[in-house]
Amino acid sequence: MNITHIIIGLSVGGAELMLARLIESHRRSAPALRHRVISLTTLGEIGERLQRQGVEVQALGMGSALRGPATLVRLARILRRERPDIVQTWMYHADLIGGLAARMAGLRTILWGIRTTDITKGGSRVTRGIRWLCARLSRRVPVRIVCAAEASLRIHAGVGYDRKRLMVIPNGLDIERMEADAATVADLRAIHGIPARVPVVGMVGRFNAIKGQDDFVRAAGRIAVKHPDCRFMMVGLGCDRNNAQLAEWITQTGAPERFVLLGKRADVPVCLAAMDVFALPSRTEGFPNVLAEAMAMARPCVTMDVGDAKQVIAECGLVVPPEDPAAMADAILHLLDSDTETRASYGQCARQRVEVEFTMARCSQRFVALYDSVSGLKKDTE
């Protein structure tokens with residue numbers, strides 16, 4: 001079965017990494033599937049990664065929206081020539097351009113992909129317009145619309161997407177890569193002056209309003225009063241000492257020396273393993289990858305009730321209302337004040353849940369089942 005993926009670009013991002021992991025997983029577990037990738041813009045780091053593995057990747061070089069019509073025509077020609085069994089598109093821009101190009105090429109087995117959950121935060125006017133168009137075309141262009149989260153499905157059905165075609169396939173983790181040896185973790189803590197028995201509460205996420213660093217800092221300020229030895233670790237692009245806005249928030253806690261700002265890191269599993277409690281203070285999420293990663297590292301977790309966080313964590317952690325740093329602080333304090341065995345039980349429950357529901361192998365199986373089902377639809381129309 002030949003599958004052509006169409007995506008707006010292949011720089012490092014959540015959807016791009018998910019596409020790469022899916023193809024890599026299928027190359028091991030479903031070699032009969034032949035994947036090909038078309039980037040509407042540039043090759044990017046993910047495109048180069050896939051090419052090194054022997055995956056055919058083509059970049060069309062669309063530099064702006066003005067090139068959209070020409071790119072649409074060129075893409076339709078490619079699809080008409082190649083005639084893949086399935087065209088799978090990733091995110092709004094690719095859904096629109098890739099879906100229309102596939103239909104122009106006479107193809108019907110088209111899968112759209114939705115990653116966004118909160119459509120009220122972020123997004124340019126162009127993106128909002130494309131989403132509106134996609135909602136209107138959703139009854140005619142795709143045979144299935146794959147959402148990464150139940151919250152995405154509900155929200156997009158509410159703005160006009162065809163409910164009958166929407167479905168959910170949660171993201172998958174390569175849990176074999178989620179590991180950190182004790183010595184490396186101890187070294188990280190030691191480098192930043194954190195004694196072995198001092199508790200660490202942490203979060204991971206690029207510095208952005210939707211990631212809730214301000215609420216994390218406010219929660220940390222409350223925790224600091226009751227746990228004068230606790231440290232607060234922040235990992236992610238922009239979470240460093242050069243960030244004046246973040247520094248101002250931290251100063252307002254009265255305990256700036258207790259914050260460990262690591263910025264962007266390549267060793268996120270090690271950072272997670274260095275935390276005694278993981279917190280997700282986001283204002284919006286789809287499928288919260290970083291929460292699942294913390295669970296895979298057997299961390300006791302506290303999450304705000306955003307996107308699919310509550311469904312992902314289930315009974316294996318604590319859930320608090322969104323944008324409520326006081327509630328988050330109380331939940332974290334509950335874990336810090338619990339005995340070691342209680343915290344460990346939360347962590348083990350979390351790890352086991354990821355192993356059952358959110359591995360890349362499980363995600364891969366779900367996509368294979370989808371491909372088989374739409375392949376049957378294709379045969380029915382021929």
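## Salt bridges and the parallel sheet

At a relative accessibility of 9%, R189 counts as buried, where buried means under 20% relative accessible area, exposed over 50% and partly exposed in between, for a 1.4 Å probe and protein chains only. The model is predicted, so that local features need pLDDT of at least 70 and side-chain atom pairs count only at pLDDT 80 or more, whereas totals for chains, interfaces and linings use all residues. Residues are numbered from 1 along each chain as its sequence is written, and side-chain values use heavy atoms, with hydrogens and water left out.

R189 forms a salt bridge with D276, a term that stands for a side-chain nitrogen of Lys or Arg within 4 Å of a carboxyl oxygen of Asp or Glu. Because R189 lies in helix α7 (residues 182-191) and D276 in the loop between α10 (268-273) and β11 (277-280), the pair ties together parts that are 87 residues apart in sequence; helices (H or I, at least four residues) and strands (E, at least two) are DSSP runs, numbered from the N terminus. D276 is partly exposed, at 24% relative accessibility.

A search of the whole structure finds 17 salt bridges, including the following.

| Salt bridge | Closest N and O atoms |
|---|---|
| R189 and D276 | 3.5 Å |
| D215 and R283 | 3.5 Å |

D215 and R283 are both buried, and salt bridges that share partners join D214, D215, R218, R283 and E323 into one network.

E56 is partly exposed, with a relative accessible area of 36%, while R36 is buried, with a relative accessible area of 4%.

Strands β3 and β2 belong to an open sheet of 7 strands with parallel pairing, in the order β3-β2-β1-β4-β5-β6-β7, two strands being paired if DSSP finds at least two bridges between them. The edge strands, β3 and β7 (166-168), each pair on one side only. Strand β6 (residues 144-147) and β7 pair in the parallel sense over 3 bridges, and the bridge partner of C147 in β7 is V168.

Helix α1 (residues 14-29) lies across β1 (2-7), β2 and β4 (86-90), running at about 165° to β1; contact means heavy atoms within 4.5 Å, and axes are lines fitted to C-alpha atoms, for helices over the stretch in contact, with angles from 0 to 180 degrees between N-to-C directions. Helix α3 (residues 68-82) lies across β1, β2, β3 and β4, running at about 165° to β2.
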